Structure formats: structure tokens, C-alpha cells
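Here is a quick briefing to read with the model open beside you.

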Amino acid sequence: MLNTLLRDSRALGVLAVPLILTQLAQVALTTTDTVMMGLLGTTELAAGGLAIVIFNQLRTMGVGLVTSVGNQIAAAAARAELQSADHAAGPDGGAERAGESPAHAEVRAVVRAGLAVATLAGIAGAVLMVLLGQVLSLLGQDAAVVGLTRTMLYALAPGLLPCLWFQAIRQFTVGMRRPQALLRITIASVAVNAGLNWVLIHGTFGLPRLGLTGVGIATSTVYLLTFLALYLSAKRDEELAPLLSLNIAKADPVVVKRLVGLGIPIAATYGSEAGFFSLTALMAGSFGPDALAAHTAVNQLVYIVFQVAVGLSHAASLNVSRELALGNHDDARRIKNTALACAAAVMAVVGVLYVTVPRLVLAPFLDSGSDQALTLATHLLVVTAFLQFFDCAQNIGVGLLRGLDDTKSGFRITLIGYWAVGLPASWLLAYALGLDTLGIWLGLLTGLATTAVLLLRRYTRSLDGRKAAVLPATV
């Protein structure tokens, strides 16, 4: 049993570790922008932060639309392996059939369709960003903040398109189980972004001094450069190059429709989760600045550690798609247990740090804050030590269901867990029972735990149903 777990963990880690490190590097990218904006002043930080919130919301929804590309690629690649094995064992003594296999053609069709979806989402999102910039003054925002936010949005809008192109090709490389270039490119982008920010903000090397707008231009430029870097890296890969086509004019409408059908519930799930946490921030703010500061600091810690969940979830999802395409239902079941075991190990280590050295963990966020905020955040970390496992488990559950091409169930269950259980529980514990911010986080814990249990149960039942449907055909 232990040997099986270790073997499965290694197989999961091949995909999960590069994805986790890539996610953490992307957090560093956005953190760099925030630090640079803070150096410009409070008004610039407020305006830039508002612009980035809008951009990130649209980017997250767009990423959700192309996330299923990886699962479709993983399944098609597995079918290609089966077809190759069948040809090798055929009566021709292993002679290859002229041309490529149908599964390889399917991979290329999915890549084209994914890039087409990314293009449509990128254009629509960019237009929406510009329109939102025009109506910000109607939302009761400060006039000085609105003006700076609007120009920042104009600078960020062009970057959404290459950002989503990058995500589509990222899904292709990960689905083909060749994600290694992702980490190198993302780490390099952090350094390039910091350099461009400094040059464009301050107008060095003879360039105009652009201030906050320079941050937006730098971010858009980095998204374009990372897309080109990943594309060129894939074109140099002998296995990936023949399957990578940018000709979206030849995208199959049927495949595009299938990706959109799978992607809309994923995008809605991402948006629902973001909205759930945003509302709890507003609730924390109702208890005063110290409560909001403590909530923000702990929430940022959760967000950083959550990147481990994202990597495990994505890797587990792709492995499920692959194993089902190969007909290995028992292996697909073990993937769930392996992913949860890896999550539990990481979250246990993090939880121990939260409980034993809370002030050290919180120092980067609250070192210069009030003692009351620090004390409250320390109490919240005790809840977070347990909350993070369920947060990780529910994200893995969404990924496992995505591996079954079941994105609608994941969306429905998260609506129940977040909005029907978690949010009412937060309100009841925080306001009715007088637990304030601690009650909010206990409500979050309740909602995430409910979501995790429902998602994992749904995955197990769906997998059992598929296995039962296959068995009669094979008897």
C-alpha cells in the first residue's frame, strides 16, 4: 500500500510540482506590481489596486473558459498512445500507417479551438475593461482615483489577449505532460516585469515618465513576451511542435462549442469563489480597520498556500482524464486519494507553522500594524490551520470532476457550499452569535468543508457509475 502511494505521488508530482511553482511565481508577479504602485503613493495604489481587481476578475473568468483544454488534450494524447500500441501489435509487424493518428489530429483540433476561445474571450474582456473604465465615476469612487484607474485599465486591456493565449498553450503543454518550460518562463517574467515597471514608471533610458500607466503597459508587455516565449519553446519541442497550430481560422466549430460548454461552468465557479471571499472581506470591514487588516493578512496567506491546491488539482484532473481514456478506472480512483494525501501533508506542515510561530508568519503583513490586528490575526490562524485543508480538498474535488468532463456539477455544488452554507454560517456566527471576524472565518471553514465533502462524494459516485457502465460491455 505504501509503495503504491509513493509511486502514485511521484506520478502526480511530475505535473503538480512545476504547476505549483508556476502558480507561486505568478503570485510574485502580481505582488511586484502592488509593491511598485505603493511606492508611487496612496492614491496610485488605490487606483491601481482597483484596476487590477477588475482585470483579475476578467482574467480569471477567461482562464476558466480555456481550462478544460488541458483535460481534452490529456485524454486525446492517451488515446493516441493506445492507437500507437495497437498499430505496433498489428498484423503489419509494427509498420506505421501513413499520416498521423486520429487522436493526434484531435489534439491539434483542440489546440486551435482553445486558441479561438481564448481570442474571443480576450477581445470581449478587453472591450469590457474599457467600458467599465467609462462608468467608474457612477459607482461613487473618488474622482482622482477614477481618472488613474481608467488610464490603468486602458493600459492593461491589450494584455488580456496574450495572457489568455498563454493560458491556452499552457494547457496544451501540461495536457501533453511537458510543463517544464512553464516555470522557467514564469520566473523570468517576474524579473522582466520588475525591470519594465521601474523603467516605465520613472522614465529611465530616455523614455517618458509614465507613473501608474507604466505599470499597466509593463504588465501587458510581459504577458505578450511570456506568450511568445512559451510558443517558441513548444515549437522547439519535437513532440509538441507538430501538434501546435495557431491557425484559429481552421478551428472546428463543434470543438469550440464543446470547450465553451465545458468552460462556462468553470469560469462561473471561479467567479463564484472570488465573490464569496470578496463578500467576507466586506463583512470583516464592518468590524473596523483592525478586523479588516487582520482578515486581509490572513486571507493573503491563504491565497499563497492555495497555489499548492491549484497545482495538485490541475495535475489530478489531467491524470484522471488520461486514466479514463486508457480505461483505468481503479487508477482514477487512487488519484483522488493520492492528491488528498499530498494536500494533507503540505497543509499539516503549514498548520504547524501557523500555530507555533504565528507572529513570524504574520510579520510581513502586520509588523507595523496595531497590536489588536496582530492578536486577532493570530486567532484566525488557528482556524486557518484547519480551513486550508478543506480549501485544498474542495479545489481538488473540482479538478477531479473536470477530469470526468463534469464541470456543471462542480459549479452547482460550489454554489451550495459557498452561498447556501458558508455565507449564512459566516453571518450567523459573526453577527447573531457575536463572534465578529472569528465567526466569519468559522463560517468560511463550514462552507469549504461542506463543498469538499459534496464534491468528493460526487466524484466517487460518478466514477462508480462509469465503471459499472463499462463492465457489462467487457464481460
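**Starting at L19**

L19 counts as buried, at 1% relative accessibility; buried means under 20% relative accessible area, exposed over 50%, and partly exposed in between, with a 1.4 Å probe and protein chains only. Bear in mind that this is a predicted model, where local features need pLDDT of at least 70, side-chain atom pairs count only at pLDDT 80 or more, and totals for chains, interfaces and linings use all residues. Residues are numbered from 1 along each chain as its sequence is written, and side-chain values use heavy atoms, with hydrogens and water left out.

**How confident is the prediction?**

- The average pLDDT of the protein is 87, and 93% of the residues score at least 70; pLDDT is the predictor's confidence in each residue, from 0 to 100.
- Among the elements, helix α1 (residues 2-40) has the lowest mean pLDDT, 78, while helix α12 (residues 407-432) has the highest, 95.
- Helices (H or I, at least four residues) and strands (E, at least two) are DSSP runs, numbered from the N terminus.
- Over residues 93-98 the pLDDT is below 50, and this stretch has five contacts in the model beyond near neighbours in sequence. Contact here means heavy atoms within 4.5 Å.

- L19 lies in helix α1. Not counting residues up to four places away in sequence, L19 touches R170, V174, L182, G311, H314 and A315.
- From L19 to A267 it's 248 residues in sequence and 19 Å in space, C-alpha to C-alpha.
- H295 sits in helix α8 (residues 289-325), and H295 is buried, with a relative accessible area of 1%.
- Leaving aside neighbours within four places in sequence, H295 is in contact with T280, A281, A284, L380, T437 and W441.

**Aromatic pairs**

- Rings of Phe, Tyr and Trp (its six-membered ring) pair if their centres lie within 6.5 Å; planes under 30 degrees apart count as stacked, over 60 as edge-to-face and the rest as tilted. By this rule there are nine aromatic pairs.
- Take W165 and F227: their ring centres are 5.3 Å apart and their planes are at 45°, so the pair is tilted.
- That pair links distant parts of the chain, with W165 in helix α4 (residues 143-175) and F227 in helix α6 (residues 212-235), 62 residues apart.
- W165 is partly exposed at a relative accessible area of 23%, whereas F227 is buried at 7%.
- There's also a cluster: ring pairs link F276, F277, Y418 and W419.

**Cavities**

- Searching the whole structure turns up four cavities of 30 Å³ or more. On a 1 Å grid over the protein atoms alone, a cavity is a set of points where a 1.4 Å probe fits but cannot get out, and lining residues have an atom within 4 Å of a point. Grid points are joined across faces, edges and corners, and a volume is the space filled by probe spheres set on the points.
- The largest cavity holds about 70 Å³ of space, and its lining is made up of L29, T30, D33, I52, F55, N56, L156, T219 and Y223. The elements giving two or more residues to that lining are α1, α2 (42-88) and α6.
- By class, the lining of the largest cavity has five nonpolar residues, three polar and one charged. Ala, Val, Leu, Ile, Met, Phe, Trp, Tyr, Cys and Pro count as nonpolar, Asp, Glu, Lys and Arg as charged, and the others, Gly among them, as polar.
- The second largest cavity has about 50 Å³ of space, lined by P265, I266, T269, V398, R402, D406, T407 and G410.
- For this second largest cavity, α7 (253-285), α11 (371-403) and α12 each supply at least two lining residues, with the largest share, three residues, coming from α7. The lining of the second largest cavity divides into three nonpolar, three polar and two charged residues.

**Backbone angles to look at**

- R177 isn't a glycine, yet R177 has a positive phi of about 65°. You'll find R177 in the loop between α4 and α5 (180-202), partly exposed with a relative accessible area of 30%.
- D436, also a residue other than glycine, has a positive phi near 55°. D436 belongs to helix α13 (residues 436-474) and is partly exposed, with a relative accessible area of 37%.

Note on methods: 1 Å grid on protein atoms, 1.4 Å probe; cavity = no way out; pocket = protein on both sides within 12 Å on 5 of 7 lines; lining within 4 Å.
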